[in-house]
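Trainee: I would like to learn how to read a sheet in a model. Where do we begin?

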Amino acid sequence: MRKLEAALGGTRPAQWGEQVWGGHTILPVRIDLSRSAGTTFEDVVLTIRAALATAVARPLPAFDIALRRYWEAQHPGDPLGAYLERGGLVSRFGKALPQQTQSALSDVAQALLLPGTVGSAVGQVTGALAGALRERRQTVRALAACARLAPLLETEPSLEALSFYPHLLAFELHRLPDDKKITPVILLDTFEDIADRHRDLERLLQRLVWLLPNCFFVISGRSRLQWADPALHGQLDHTGPAAWPGLAATPGPVPSPRHGMPGGRQHLIGDLSPEDCDDHLARRLVKDGRPLISPAIRAVITARSHGLPLHLDLAASRFLEIRRTREPQPADFDHTFPALLARALSDLTAEERHVLRSVSLLDAFDVDLATRAAGLTHQAPVRRLTERPIVYENPYALWPYHLHGAIRSALTEADDHTDDRWTPADWHQAATRALAALGDQWAANVSLTPSRMLLVACLRQGLRLARDHRLTGLGWLIDAAYAYTDDSVWEPLTPPTTSASNLELDTAADALAELLTAITRRQHEHRQRTADRLTTVLDSGLLPDELTEMALYYRAKAHKDLSQNDAARAGMQAVADIGGRLAPKARRGLANLARLAGDFPTALAAVPTLGWEGRHHRVLGDIRWSHADTAAAVAAFEAGRAEAEQHGAAGERAMMQVRLALAVSFADPVRADDELALAHQLLDGLDQRSNTLLAQVVALIKDAGTDGVTDRARTLHTDIDNAGLPFLHRFVELALAFQHAVRGEDEDLAAVIDRLRALTATGDFAYFTDITHFMAGLPLPEPSTTRWTTSEDDVRSSWRGLVQARQEVLRAGN
């Protein structure tokens, strides 16, 4: 792609011949989308506009004004010029862009006869411009042809809105004078690195391509561009062969050769993606116009090859050999080929072979880790091995090196066919060395600058080594397991292999892997499933005493989420009695259970004994907001958030922010909007399902008194059922009670009270029913069992006051 950029810019390799372009000036713009570059959609848009700023040397007002409005809304206090300089765009394209956007702003302000001071305020200029466009004033007739300019200027300047601004850029490019006409050629490099399961960035980039028809796009990546696949409908804006005819797959049972695709827009090079492996195998052996290798066999070969062309060729030869005597079956190819390993080992020294086998136990490694895993005292063999093509390097990764997948599979499956093969004892010793090396690397890091990324990476590799090689001593894995659970982030560690009903645990490593997997997966599974899995682990008796309390504690948390509070209390009390690492958290759990039962004085009395480990600020804040003491609750949650930041606990910080937004949502919907936005920002990247759902409850409360709250609550109830978090149903009903009390909807409020009474029949959260009566100023039908920290009249007055305050806000807004 760099060579293409240079060629389009005039610096062509000699073998390419003379450049022959017709029409407009060509402007190549290469944009690196690799993960290491960290390119955002904003960066893509700014790079294109910065390149045009130098090439056309004039403002593009429709786009520039919208860009300035977006920038000042999304990056207040960060001048566009400073951002461009930090990102290297100034050194690449010069400083013309900020000057041109300011010039466009000034020109429009002058055309609208705005005062000079107003002309510098983007919001006032864009507002005035949108109004002038709507009124079709002659002063802005130059921009009137851009039909979507006014709607885009009136739209909230979000990232979603920015993704439609390329339409404005296309408009400006179209109306450039003939002597300024230009054709941008935008080269999007390493496109595969923007892939994720939601295709969020890909959706924005596809929209950019779609909205810039007067630009030529060259997209490079390791995989085929799938935009013509109808299966992506709903994930991207424009999908299917009608939208992208040049990207559509070739019809017929046998794909046409790449160079024979009439009008084809995809040219595939380099290592093969799974789609390309299948394509190659389908065309490799053909009879009567149809592939000889069946789709089922092709799928097995593709999975085994890891994209290595050599494996595909060996598989094709194997297919022909088997076919001479019988019909090949998929099982015939569900293995690697000794010849593949033989070729990989043929030119390695004995020491390099030893290192190769050692690092095949690791998903990724660096020189030091590989040296320790191999049990060597010198690094030279490792350094030589990393220079071989069978070792791939990503200099920006935590561990930069990894073996090609096909070679790694061959070492574990076909090593018996080599002369210097390892015995089972050799593999066991190597796994022991590798596990110890990972622990040493993590321990050394913890003593200097703790890294969550390194912790998770070491745990992933360490758990697999200990489990697959039946290593007996868990050692550092125990401390790492506690460090992992302390922060409540829940990155996936090991994939679940079997269901809890038939789970076979043979070693302590098996039990630990299942323990951490169950704890992590509870964010995606029903809490009853979590409780069952943890019960299986406990019943196995394989966990060491240090980890038994962890299984007890998280099973008790699952019971609490399932509203099985008797079981939760028993579990928390057992952990507290053990007096181990989780005893402070168990005491917090008991305090929370007392609060849920309406015994606030007991919960409050426990707060001074909890400390940071017991999350004392969180417990105190939950008590205070339940009393409608917003100021005290906010102070507690802010203190908890600050304490979490001091300890570098991102998960706890997000929890505190959600609860802070909850406390504020009843009293101050404007501030709650800001606090909720921050909560979503802090939750991003964390796997905290219950807090994510609680944040949706907060959104209902802050919007109480407006239309649509009831319908949103109904949807939220469904999500809570699917998550297996029934305790959150009470929060949704509390939000609805606030909604109906504010709107004076007595019948709906009575229905909420009935539902809450049924949901709190066990006694837990029964005080929510009291609060509902307090909100509406209704008397309690019978004496309450709730023990408040202040008088019941004070609590009643506080909750009723919040309802009346919201009613005043709504009346003032109308």
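Mentor: Begin with pairing: two strands pair if DSSP finds at least two bridges between them. This is a predicted model, and in it three strands form an open sheet in the order S1-S2-S3, with parallel pairing.

Trainee: Why is one side of strand S1 and of strand S3 left without a neighbour in the sheet?

Mentor: Strand S1 (25–32) and strand S3 (216–219) stand at the edges and have a single partner strand each, so one side of each lacks a neighbour in the sheet. On average, neighbouring strands of this sheet are turned by 20 degrees against each other, direction ignored.

Trainee: How many bridges join S2 to S3?

Mentor: Four bridges join strand S2 (residues 182–189) to S3, and the two run parallel. For a residue pair to look at, take Ile186, which stands opposite Phe217 in S3.

Trainee: Which strands does helix H2 lie across?

Mentor: Helix H2 (residues 41–56) lies across S1 and S2. Its direction is at about 150 degrees to S1.

Trainee: And the chain as a whole?

Mentor: The chain has 40 helices and seven strands. Its C-alpha atoms fill a box of roughly 90 × 85 × 55 Å, taken along the principal axes.

Trainee: What percentage of the residues count as buried?

Mentor: Buried means under 20% relative accessible area. Of the 814 residues of the chain, 51% count as buried. The accessible surface of the chain is about 36,600 Å², with 52% of that area belonging to carbon and sulfur atoms.

Trainee: How are the charges counted and placed?

Mentor: There are 87 positive and 101 negative side chains in the chain, and the centres of the two sets lie 4 Å apart.

How values were computed
Residues numbered from 1 in each chain as written. Predicted model: local features only at pLDDT ≥ 70, side-chain atom pairs only at ≥ 80, totals over all residues. Heavy atoms only, no water. Axes fitted to C-alpha atoms, helices over the stretch in contact; angles between N-to-C directions. Contact = heavy atoms within 4.5 Å. Buried < 20%, exposed > 50% of the residue type's maximum accessible area, 1.4 Å probe, protein only. Areas by Shrake-Rupley, 256 points an atom, 1.4 Å probe, with all protein chains shown as cover. Lys, Arg positive; Asp, Glu negative; His and termini not counted. Charge placed at Lys NZ, Arg CZ, Asp CG, Glu CD.
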